[in-house]
Every structure is written in structure tokens, then in C-alpha cells.
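These are my notebook entries on a look through one structure.

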Amino acid sequence: MTPASTCSALILWIRRDLRLCDHPALQAALDAGRAVIPVYILDPETEALGAAHLWRLEQGLAAFAKSLTAVGSRLILRRGPAVQVLQDLLAQTDAKAVFWQRAYDPASVARDTAVKSALKAGGIEARSFDGHLLFEPWDVETKQGGSFRVYSPFWRAVEARTPGPLIPSPSQIPAPAEWPASDDLHSWALSARMRCGASALAAHHEVGEAAALRKLDVFVDMALANYSSDRDFPGKPACSGLSDHLALGEISPRRGWYAAQRAEADTNAAKGALHFRKELVWREFAYHLMWHSPQMLDQNWRSEWDSFPWHDDPDAPALLAWKQGRTGIPLVDAGLREMYVTGRMHNRARMVVASYLTKHMQTHWRQGLEWFADCLTDWDVASNAMGWQWVAGSGPDAAPYFRIFNPVTQQMKFDGDNAYIHRWIAEGQRHPHPDALRYFEAVPRSWTLSPDAPYPAPIVDLAEGRRAALDLYENRSF
Ligand SMILES: Cc1cc2nc3c(=O)[nH]c(=O)nc-3n(C[C@H](O)[C@H](O)[C@H](O)COP(=O)(O)OP(=O)(O)OC[C@H]3O[C@@H](n4cnc5c(N)ncnc54)[C@H](O)[C@@H]3O)c2cc1C
């Protein structure tokens, strides 16, 4: 290895990889034996992301900057279109190479392709690496060499594979002789759009790589054995809570995969551990679908759904009531309020609120997808689109449209003791849960909501909504 000081520096373009451990691009930078300049770019694409996710990004960047300082490095922050920022940085430093971890959504792919060709044209070494996923989406193929549309065969194709080996964290990252200038994180005001919701979110989040690793350990020790039986109950702390960390790359999916695989050797935990790996593979499946059918992010995966007469008015009063968690259906409202306060929603509740919107309210799944994108701290471009299309019935491996969740039956089955409802619905409770009250502090004042008001009557009668949805489905033109 050549001493770092005698070589030109290397720019490590940080994106959804706010970690030091198991970071292939960072490892390649260290292997190159050069000084490393980690840079995060707030480009227009990132500025357009949802309010809660930007809030979470700000927290994640602050935590990651601290971890870099602990290993003798720094996080340089720059704002602007990626090509221009990188070219400016290259001109301001002696760096001759840029490394980054790959992203797979069409907008990022287009940006990264343009960056790569511009850099290479200027004689700069530009290299991208894996790390966001267990397996690259193009590396998983059917026997005929095609892509998968159904989850089960996708799982069978990867279950026995071994993702790349875990890469340890560096104890030191070589610094350049002189650091380039950096923006101040607070000047970006990434939290601004959350307004009064920001302090509610803060109470529910531990951020950064160390928190993610701790969470994984606690989950494996305390919850993995019962994961299979308990993960569907929104009132139980049965899931890992890792989705925020995975979305921002504060932990690699390989860490979760290998932790679960180790636990599979323990008979008590084997079933839960296998189930957990299967859930990680749902995330992989979402990326696989998006890679092969990028239009799924905003168009029906199955185009025959284009003629379905969805309600699609973004200002419809019923849609506003749904967003506000005021549909009068407790499980639906609890899920939507949980999301507003914490930036997350239990998976069972995500399915129920999505089914209610697309079926009982016959509203286009895109309206729900956009609201989730604005409110979820764990927003993930592929999983969100797959989840919505799966529930709506328009996705490749979707639940059929006529399978309509009854939110009351779902509540009886998965929240029989009302723990979840009690935690999130304040109206009508003698001693409301603090989280249920926090909802009223977090929402915009313009909504004029009060926990003392009566709980709303259902905006849609469940039987009528179901009948209307089935009528539309049976009379559809495809
Ligand atoms: C309509 C809808 C929208 C969704 N939007 C998102 C989203 O924007 N971001 C997101 O990360 N997940 C999304 N999901 C999937 C799922 O609800 C969350 O991943 C899960 O609730 C996160 O909690 P956890 O980390 O405790 O999960 P765990 O049960 O502990 O699972 C571990 C990990 O497996 C992955 N995973 C689990 N279930 C799924 C799934 N159904 N699809 C894809 N990956 C999964 C996640 O990365 C998760 O962190 C959505 C689901 C639906 C139905």
C-alpha cells in the first residue's frame, strides 16, 4: 500500500450508506491507500424528498459526521447538482477518484450514470460498489434467465446464497492534508417542513450506526424467538425497528442476515430467525421488481389497472380525513396517527390503512404512496411502491383486489386487547396514552384537532364501502 500522503486523495460520495461497518466503497477507498474525503451532497432530488424522511436524514447525517470524527475523518457537506458539486470538489482538492455505493431507483441511476461519464471524460476514476442490498437485483435470475414477479420463487432462489462477507469498521480513515470547505448541516434546514412534528419524532428515534447495531442485538436476544408468532400484532414490540436504519444505510442488510443465520442454529429462535431473513428478502424483492420495472414507482405495474375508476382528487375531504387519522375506523386511524407521531407504522397497520384507502374509499394508491413518502422516516422508494401496489391489487405479486381487509376483524384478530388502539386514539378515553395526546401536538394547527372532541363517526360504512369496491371491480373493463 502506498502511504496516503504521497497519493492524490479520493472522494467517497456518501448517499444511503451512513455507516463505517460493512461498507464496500469505504473499504475500497482504504485499500487504495489514499486520503479519503467523505462528502454528502444535498442535490435537488434529495431536497424533494418527504418532510419526515428529511428530518431523519438530518439526524442521520449528524450522527454519521460524529462517527467519522472519531476515526480521524470528517463529513464534508455540499449542496447542488451532484455532477457540478463533485467537479467543484475535484478542482478544489487534489482528488483524482470518486467512489460511491450504488442506488437502484431510475432517478438515481440516471444521475449516477451522468456523473460517471462526466467524471471519466475528465480523466477521473469513478467507481460504484454494492452494499445497499444483499444481492444485486440483476444477479438473481429465473432458470430461464429472466426476472421474478412472484416472491416465493424469488426467496427460493436466494435463501441458500451467501451474501458477501461482512467488512469490519476501520479504526482510522486517512485524512487529506487540507480539508475542503463544508456547509453547516443546520443551514440546510432539513427539519423545517416537519414544524411542530419534529419534537414528536425526536422522542421516538435513536439514530446512527451504533443505535442500529444495538437495536439488532436487542432484537436478536429478546424478540427473534417469537418474531414469527408476534410480528403481526401492532401492540407488541415484536419487530426489529430497523427499517429507518436500513433506509439510510446505518446498518447493512448483511448484518441482519448473518445475525439471523447464526440464530437459526438455536432451536428456540430458528423459526423466527428464518422468518426475519424472509422479511429482509421482501426488501430485496422490492428492489428486484423496481430494477426490472422502474415504472412501478408511479404507474400500475399491471397496465390493465389504468382504466380502473379510482377517486384521484388530492383535495377530496375523505382523503384529508384519512391522512388526519379521522376516518372513524380505529385501527385505520391508529396506524395513520402512529405514522404522524413516530414516522413509522406497524406493517399490519400499513396493510390495513392501504386496503381501506384503495378499497373502502376506492382512492388511487398513488395518493397513499405520496402521503407515506411525506410522513415515513423509513421511507424506501422500492418497498413503499411495492407495498402499495401489493395491497391495491395492481402489482405483479399482489393480493387480489377482491380480498378486502375488514379493519374491524383485523383489530379483533391482531389487537384483541386494544393495546394499539389505546396507544394512538385519545378521543373518548378517560386516561389517554401520552402518545395519543402527542398526536394533537404534532399535527398542523390548521387542522384544528382536539383530543377533547368526540371520536368521528365512520366516513364510509364498512359494508357499503366493500360493496362499492367489489361492484367497481366486477364491472371493470378488463
Ligand atoms: C403500503 C406499505 C408501504 C410500505 N412502505 C415501506 C417503506 O417506505 N419503507 C420500508 O422500509 N418498508 C415499507 N413497508 C414494509 C414494512 O411495513 C416495513 O418494512 C416494516 O414495517 C418495518 O418495520 P421493521 O423494521 O420493524 O420490520 P421487521 O419486521 O423487523 O423486518 C425487518 C426488515 O425487513 C424488511 N421488510 C419487512 N417487511 C417488509 C415488506 N413488506 N416489504 C419490504 N421490506 C420489508 C424491512 O427492511 C424491515 O426493516 C411498507 C409496507 C406496506 C404494506
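I worked on a predicted model. I found an open sheet of 5 strands, paired in parallel and ordered E3-E2-E1-E4-E5. I noted that strand E3 (76-79) and strand E5 (125-129) are its edges; each has a single partner strand, so one side of each lacks a neighbour in the sheet.

I then looked up the pairing of strand E1 (residues 10-14) with strand E4 (residues 97-101), which is parallel and runs over 4 bridges. Leucine 10 lies opposite alanine 97 in E4. Helix H1 (residues 24-31) packs on this sheet, where I listed E1, strand E2 (36-42), E4 and E5 as the strands touched. The direction of H1 makes about 155° with that of E4.

Entry on two helices. I asked at what angle the axes of helix H12 (residues 267-292) and helix H17 (residues 381-392) cross. They cross at roughly 90° and come within 8 Å; H12 and H17 are therefore roughly perpendicular. Among the residues making the contact I recorded Trp282, Phe285 and Met290 of H12, and Val381, Met386 and Trp390 of H17. Sorted by class, this contact has 10 nonpolar, 1 polar and 1 charged residues.

For cysteine 196, which is in no disulfide, the nearest cysteine sulfur belongs to cysteine 375, 13 Å away. I noted cysteine 196 as partly exposed, at 27% relative accessible area. Cysteine 239, with 35% relative accessibility, also counts as partly exposed.

Notes: Residues are numbered from 1 along each chain as its sequence is written. This is a predicted model: local features need pLDDT of at least 70, side-chain atom pairs count only at pLDDT 80 or more; totals for chains, interfaces and linings use all residues. Side-chain values use heavy atoms; hydrogens and water are left out. A disulfide is a pair of cysteine sulfur atoms within 2.5 Å. Buried means under 20% relative accessible area, exposed over 50%, partly exposed in between (1.4 Å probe, protein chains only). Axes are lines fitted to C-alpha atoms, for helices over the stretch in contact, and angles run from 0 to 180 degrees between N-to-C directions. Angles under 35 degrees count as roughly parallel, over 145 as roughly antiparallel, 65 to 115 as roughly perpendicular and the rest as oblique. Contact means heavy atoms within 4.5 Å. Ala, Val, Leu, Ile, Met, Phe, Trp, Tyr, Cys and Pro count as nonpolar, Asp, Glu, Lys and Arg as charged, and the others, Gly among them, as polar. Two strands pair if DSSP finds at least two bridges between them.
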